[in-house]
Amino acid sequence: MHFEKLGRRDIARLVAADIPDGAYVNLGIGIPTLVSAFLPADRDVILHTENGIVGMGPGDSGVPLDLDLINASKEAVTLLPGASITDHVVSFAMMRGGHLDLTVLGAFQVSARGDLANWDTGAPGTIPAVGGAMDLVAGARQVYITMEHVAKDGRPKIVEECTYPLTGAGVVDRIYTDLAVIDVLAQGLQVRAMVAGLAFSDLQSMTGCPLTLAADCQALMPG
């Protein structure tokens, strides 16, 4: 059976479509950063960055580079009307204090009950990078994860139990991969959408814990 995986921009587009109007959102490094480019023009979403921006706008190649105005991926951004800049103390207080509606992060592993591991694999030569992820998953009202469905060696990244150090336990609400969109529910993981042409049995074989299929599961098309 033929199917085509979603690209990074496809994943970011799906996340952006699911962010509600008026939400305060933190976007992490990598695919999450791309989400800002796909936010609907008729939706007012306020973007927060750990380095102290509330009201982040898109980069502008016509504006001189200002290294104080960067996102989590170290890319240049702008300030929208009404934006504010804070120090790290206030920025992290927002994160820890429950003032963010949503954070979108990457992951090395997500478990069947929504545990998240995204800061250290223990691989030789790698540098653990906690950043503000632990604060974000503890304080944000919802946590969305973006990642490839399997690792480069083919092992599932959605697993029964995380084998890497946890960022947070039971914190993930939804997972967006290059194959599917999966909700983390009290009764387990439920597939709400999957790429067209992919059999559910094949998706299950690439996942390290049981999945269920939503009755209204949607087909996803790249591009």
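**Basis.** I worked on a predicted model, in which local features need pLDDT of at least 70 and side-chain atom pairs count only at pLDDT 80 or more, while totals for chains, interfaces and linings use all residues. Residues are numbered from 1 along each chain as its sequence is written, and side-chain values use heavy atoms, with hydrogens and water left out.

I took helices (H or I, at least four residues) and strands (E, at least two) as DSSP runs numbered from the N terminus.

**Sheet.** I then traced the strands, two of which pair if DSSP finds at least two bridges between them. An open sheet of 10 strands runs in the order S4-S3-S2-S1-S5-S8-S10-S11-S12-S13, with mixed pairing. Strands S1 (residues 24-27) and S5 (residues 102-106) run parallel and are joined by three bridges. Val25 stands opposite Leu102 in S5. Helix H1 (residues 8-18) packs on this sheet and touches S5, S8, S10, S11, S12 and S13; its direction makes about 145° with that of S10. For contact I used heavy atoms within 4.5 Å, and for angles, from 0 to 180 degrees between N-to-C directions, lines fitted to C-alpha atoms, for helices over the stretch in contact.

I recorded about 780 Å³ of space in the largest pocket. Its lining comprises 33 residues, of which Gly28, Ile29, Gly30, Asn118 and Ala129 lie nearest the centre. H2 (31-34) and S5 are the elements that give two or more residues to this lining. A pocket is an open set of points on a 1 Å grid over the protein atoms alone, where a 1.4 Å probe fits, with protein on both sides within 12 Å along at least five of seven lines; lining residues have an atom within 4 Å of a point. The volume is the space filled by probe spheres set on the points, which are joined across faces, edges and corners.

**Cysteines.** I found zero disulfides, a disulfide being a pair of cysteine sulfur atoms within 2.5 Å. For Cys209, the nearest cysteine sulfur, that of Cys162, is 9.6 Å away. Cys209 is buried, with a relative accessible area of 3%. Cys217 is partly exposed at 25%.

Definitions and conventions. Buried < 20%, exposed > 50% of the residue type's maximum accessible area, 1.4 Å probe, protein only.
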